[in-house]
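Here's a quick briefing to read with the model open beside you. Start with one residue, then zoom out.

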Amino acid sequence: MELLVTVDEHDGEWQGARGSVSTLFSRIEMQTEGTVAVICGPTEMLGPLAHELLNRGVPRGQIFVSLERKMSCGVGKCGHCSFGSKRICIDGPVLSWWDVLNLGEEI
Ligand code: FES
């Protein structure tokens, strides 16, 4: 296993990669058969990374995104996490990219 790290902000001493996680994709030799990708992080990062994985041949049903940032009460009472016909706190918080696309909601 190889761990690749990138940062958005650094202290000036950082010598590693900088920028979005997707900038690291070019350094990965990815075999899509049997690959499962799990994405968590800032909501605005999820869509671009899922699209990048799709472009690299990872099937929609094998890409999972964590949407816990949409949650508030966490117990199905407030409706803050409504996403299409689902409530993220009840039906997730992890959904496949296939589910996300079929729910017709933008992340
Ligand atoms: S977080 Fe309140 S209903 Fe899901």
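Which residues does threonine 6 touch, not counting residues up to four places away in sequence? The answer is Ala17, Arg18, Gly19, Ser20, Val21, Thr23 and Leu24, where contact means heavy atoms within 4.5 Å. Before going further: this is a predicted model, in which local features need pLDDT of at least 70 and side-chain atom pairs count only at pLDDT 80 or more, while totals for chains, interfaces and linings use all residues. Residues are numbered from 1 along each chain as its sequence is written, and side-chain values use heavy atoms, with hydrogens and water left out.

**Overall layout**

- The chain has 3 helices and 7 strands, taken as DSSP runs numbered from the N terminus (helices: H or I, at least four residues; strands: E, at least two).
- Reading from the N terminus, the order of elements is β-β-β-α-β-β-β-α-β-α.
- Along the principal axes, the C-alpha atoms fill a box of roughly 45 × 35 × 25 Å.
- Of the 107 residues in the chain, 27% are buried (buried is under 20% relative accessible area, exposed is over 50%, and partly exposed is in between, with a 1.4 Å probe and protein chains only).
- Among contacts in the chain with a separation of 6 or more, 48% are between residues 24 or more positions apart.

**Back to threonine 6**

- Threonine 6 sits in strand β1 (residues 6–7).
- Threonine 6 counts as buried because its relative accessibility is 18%.
- The side chain of threonine 6 reaches the backbone oxygen of glycine 19 at 2.9 Å, and a polar atom of that side chain lies 3.4 Å from the backbone nitrogen of arginine 18.
- Both are listed as polar contacts, meaning a pair of N or O atoms within 3.5 Å; within protein, one must be able to donate a hydrogen and the other to accept it, and residues adjacent in sequence count only if both atoms are side-chain atoms.

- The largest nonpolar core has 19 residues, and Ile39 and Leu67 touch the most other members (a nonpolar core is a set of buried Ala, Val, Leu, Ile, Met, Phe, Trp, Tyr and Cys residues joined through side-chain atoms within 4.5 Å).
- At least two residues of this core come from each of β3, α1, β4 (63–66), α2 (88–91) and α3 (97–103).
- The largest share, 4 residues, is supplied by α1.
- Leaving out residues up to four places away in sequence, leucine 67 touches Leu46, Phe83, Ile88, Pro93, Leu95, Val100 and Ile107.
- Within α1, the buried residues are Leu46, Gly47, Leu49, Ala50 and Leu53, and the buried residues of α1 pack against β3, β4 and α3.
- After α1 comes glycine 57, with a positive phi near 100°.

**The largest pocket**

- The volume of the largest pocket is about 350 Å³.
- Of its 15 lining residues, Phe25, Ile28, Met30, Ala37 and Leu53 are the closest to the centre.
- The elements that give two or more residues to this lining are β3 (37–39) and α1 (43–55).
- The lining divides into 12 nonpolar residues, 2 polar and 1 charged (nonpolar: Ala, Val, Leu, Ile, Met, Phe, Trp, Tyr, Cys and Pro; charged: Asp, Glu, Lys and Arg; polar: the others, Gly among them).
- On the terms: on a 1 Å grid over the protein atoms alone, a pocket is an open set of points where a 1.4 Å probe fits, with protein on both sides within 12 Å along at least five of seven lines, and lining residues have an atom within 4 Å of a point.
- Grid points are joined across faces, edges and corners, and a volume is the space filled by probe spheres set on the points.

**Loops and the chain end**

- Threonine 35 lies in the loop between β2 (17–18) and β3, is buried at a relative accessible area of 18%, and touches Met30, Val58 and Gln62, not counting residues up to four places away in sequence.
- Glycine 76, in the loop between β4 and β5 (82–83), has its C-alpha atom 7.0 Å from that of arginine 87, 11 residues apart along the chain.
- Glycine 92 and proline 93 are joined by a cis peptide bond with omega of about 10°, and proline 93 is in the loop between α2 and β7 (94–96).
- Glycine 104, in the segment after α3, is exposed, with a relative accessible area of 62%.
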